[in-house]
Amino acid sequence: MKEASEPRFTLSLGHLYPDQLNLYGDRGNILTLRRRCELRGIELRVVGLGIGDALAPDEYDMLFIGGGQDKEQAPVAQDLYEIKGIGLWAAIEDDMPVLAVCGGYQLLAHYYRPANGPDMRGLGVFDAWTIHKGAHVPRCIGDVAISWNDSTLVGFENHGGRTYLGTAKPLGKVLKGYGNNAEDHTEGAVYRNAYGTYMHGSLLPKNPHFADFLIALALKRSYGRTNRAAENLVQPMDQNNGSTPTAQHTKASKWPSKSRSRSQQGIEDDPVKFLTPLDDTLEWEAHAALLERMGLYTAAADALRRSIEAGTVLHLHEISAARE
Ligand code: GLN
């Protein structure tokens, strides 16, 4: 039996609130990251961080937070602010890749005003805020496609909250669907290496290029340099909510910093080079099929053309013949 060879790299992913925030297969994002890592000899260790668990940024290379209903978000918002807030800020200010989906995305912005009940204070990582327009206003539900990095991202959305961006950069422009607020054609938000999006589905299985983008960011950050002590990166919590870190917050943040110096020659310049191309035929066919279903035929053909360039032979002629 072939000996399992030593992983070339090891990455740790902190999965925030796996029991509370896991709608529409969000966990599928973790499975995709793990599988794509595995196929490149990268071991992805996944640690669940629930309510009450501290977040010591030095222990992770990337973080994921999924979506959930209003009633699940409320206790999470409190825990995020009181327990994990400073660790999460420190990680994000230190360019840790973070993927936040829907409800999790809303709680990384300034606040979420649900249809009923008090505002949920957010961490203010994204300069944005979310307002639920009330149960009488239709939810933003359906397939969604956005432009991203000269490519497209596809997924499924279901949210009552509408998110408005302040200075936060959007993840992409809506091609089909509602996106942040069904008004300004923006979708998601980006701050440093933290990515917020409304796209469930789950997102990463049908967007292999985005999955690899996040893995490459984590490799670059964790193997491209020695980690600075986390506590130097503590940022004051978002002022807009008039909340600044109290003594016990900052005291609590003095976690032991274990600088994990791991380095790999050349990874800083081109981490993607360390990700051997995979046969993403199925992924790109699923991506193109969703674009097709949304009537975005040219984008669908483009997606398939890109995957052929990536070395996977596909049935482009079928799409164009059927459509044009
Ligand atoms: N509860 C939030 C809303 O309705 C988020 C929903 C979700 O995560 N899918 O907007």
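Modeller: Please bear in mind that this is a predicted model. A polar contact is a pair of N or O atoms within 3.5 Å. Here, a polar backbone atom of glycine 103 lies 3.0 Å from an oxygen atom of the ligand.

Colleague: Which side chains place an N or O atom 2.9 Å or 2.7 Å from a nitrogen atom of the ligand?

Modeller: The side chain of histidine 200 has an N or O atom 2.9 Å from a ligand nitrogen. For glutamine 73, a polar side-chain atom is 2.7 Å from a nitrogen atom of the ligand. The protein buries 99% of the 300 Å² that the ligand exposes when taken alone.

Colleague: How many residues surround the ligand, and of which classes are they?

Modeller: The ligand is surrounded by 16 residues, and the closest are Gly68, Asp70, Gln73, Cys102 and Gly161. The shell comprises 11 polar, 3 nonpolar and 2 charged residues. At least two shell residues come from each of helix H2 (70–93), helix H3 (103–107) and strand E9 (151–159).

Colleague: How should I read the nonpolar core?

Modeller: In soluble globular proteins, nonpolar side chains tend to be buried together. In this model, the largest nonpolar core has 70 residues, with Phe126, Phe210 and Leu219 making the most contacts inside it. Helix H4 (residues 208–223) contributes the largest share of this core, 9 residues.

Colleague: What is phenylalanine 210 in contact with, beyond its neighbours within four places in sequence?

Modeller: The contacts of phenylalanine 210 are Leu99, Trp148, Leu153, Leu171, Tyr195, Leu203 and Leu204.

Note on methods: Residues are numbered from 1 along each chain as its sequence is written. This is a predicted model: local features need pLDDT of at least 70, side-chain atom pairs count only at pLDDT 80 or more; totals for chains, interfaces and linings use all residues. Side-chain values use heavy atoms; hydrogens and water are left out. A residue is near a molecule or strand if one of its heavy atoms lies within 4 Å of it. A polar contact is a pair of N or O atoms within 3.5 Å; within protein, one must be able to donate a hydrogen and the other to accept it, and residues adjacent in sequence count only if both atoms are side-chain atoms. Accessible areas come from the Shrake-Rupley method with a 1.4 Å probe; for residues, only the protein chains shown count as cover. Helices (H or I, at least four residues) and strands (E, at least two) are DSSP runs, numbered from the N terminus. Ala, Val, Leu, Ile, Met, Phe, Trp, Tyr, Cys and Pro count as nonpolar, Asp, Glu, Lys and Arg as charged, and the others, Gly among them, as polar. A nonpolar core is a set of buried Ala, Val, Leu, Ile, Met, Phe, Trp, Tyr and Cys residues joined through side-chain atoms within 4.5 Å. Buried means under 20% relative accessible area, exposed over 50%, partly exposed in between (1.4 Å probe, protein chains only). Contact means heavy atoms within 4.5 Å.
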